[in-house]
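Here's a quick tour for anyone meeting this structure for the first time. Take a look at the sequence and the model, then read on.

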Amino acid sequence: MKASKFTEAQKAFILKQGEEGTSVAEICRKAGIGQSTYFAWKKKYGGLLPDEMRRRKQIVADLTLDRQMLQDVVRRKL
């Protein structure tokens, strides 16, 4: 299976445009995707992606802070 060239955030943005009333044909034309792809994303991610993105953003922030603290500890020991 070919990996998507769109990130989850980009997919969320594309789907949000549809929720705001922009026509699917226009969204797909601007994004360079087919309508079948749009509807597949909507079926797979509809309503779930924003929450998932917030959770992932929080996890990344926590891990970044943990990493920075560990690097500080290592630097002090050297």
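Helices here are DSSP runs of H or I with at least four residues, strands are runs of E with at least two, and both are numbered from the N terminus. By that rule the chain has four helices and zero strands, so its pattern along the sequence reads α-α-α-α. You're looking at a predicted model, where local features need pLDDT of at least 70, side-chain atom pairs count only at pLDDT 80 or more, and totals for chains, interfaces and linings use all residues. Residues are numbered from 1 along each chain as its sequence is written, and side-chain values use heavy atoms, with hydrogens and water left out.

**The chain overall**

- Among contacts (heavy atoms within 4.5 Å) with a separation of 6 or more, 49% are between residues 24 or more positions apart.

**Helix α1**

- After α1 comes G21, which has a positive phi, near 110 degrees.

**The nonpolar core**

- Which residues make up the largest nonpolar core? The 10 residues are F6, I14, L15, I27, C28, A31, I33, Y38, W41 and Y45. A nonpolar core is a set of buried Ala, Val, Leu, Ile, Met, Phe, Trp, Tyr and Cys residues joined through side-chain atoms within 4.5 Å.
- Two or more of these residues come from each of α1, α2 (24–31) and α3 (35–45).
- Here's the general background: in soluble globular proteins, nonpolar side chains tend to be buried together.
- W41 is in contact with S4, F6, K11, I14, L15, I33 and G46, leaving aside its neighbours within four places in sequence.

**Aromatic pairs**

- There are two aromatic pairs. Rings of Phe, Tyr and Trp (its six-membered ring) pair if their centres lie within 6.5 Å; planes under 30 degrees apart count as stacked, over 60 as edge-to-face and the rest as tilted.
- F6 and W41 pair edge-to-face, at 5.3 Å centre to centre and with 75 degrees between the planes. This pair links distant parts of the chain, since F6 lies in the segment before α1 and W41 in helix α3, 35 residues apart. Both F6 and W41 are buried.
- Y38 and F39 are also edge-to-face, at 5.2 Å centre to centre and 85 degrees between the planes. Y38 counts as buried at 2% relative accessibility, whereas F39 is partly exposed at 42%.

**Salt bridges**

- The structure has two salt bridges (a side-chain nitrogen of Lys or Arg within 4 Å of a carboxyl oxygen of Asp or Glu).
- One joins K30 and E26, 3.1 Å from N to O. Both lie in helix α2, four residues apart, or about one turn of the helix. K30 is exposed at 60% relative accessible area, while E26 is partly exposed at 32%.
- R75 bridges to D72, with the closest N and O atoms 3.4 Å apart. R75 and D72 are separated by about one helical turn, because they're three residues apart in helix α4 (residues 49–77).

Notes. Buried means under 20% relative accessible area, exposed over 50%, partly exposed in between (1.4 Å probe, protein chains only).
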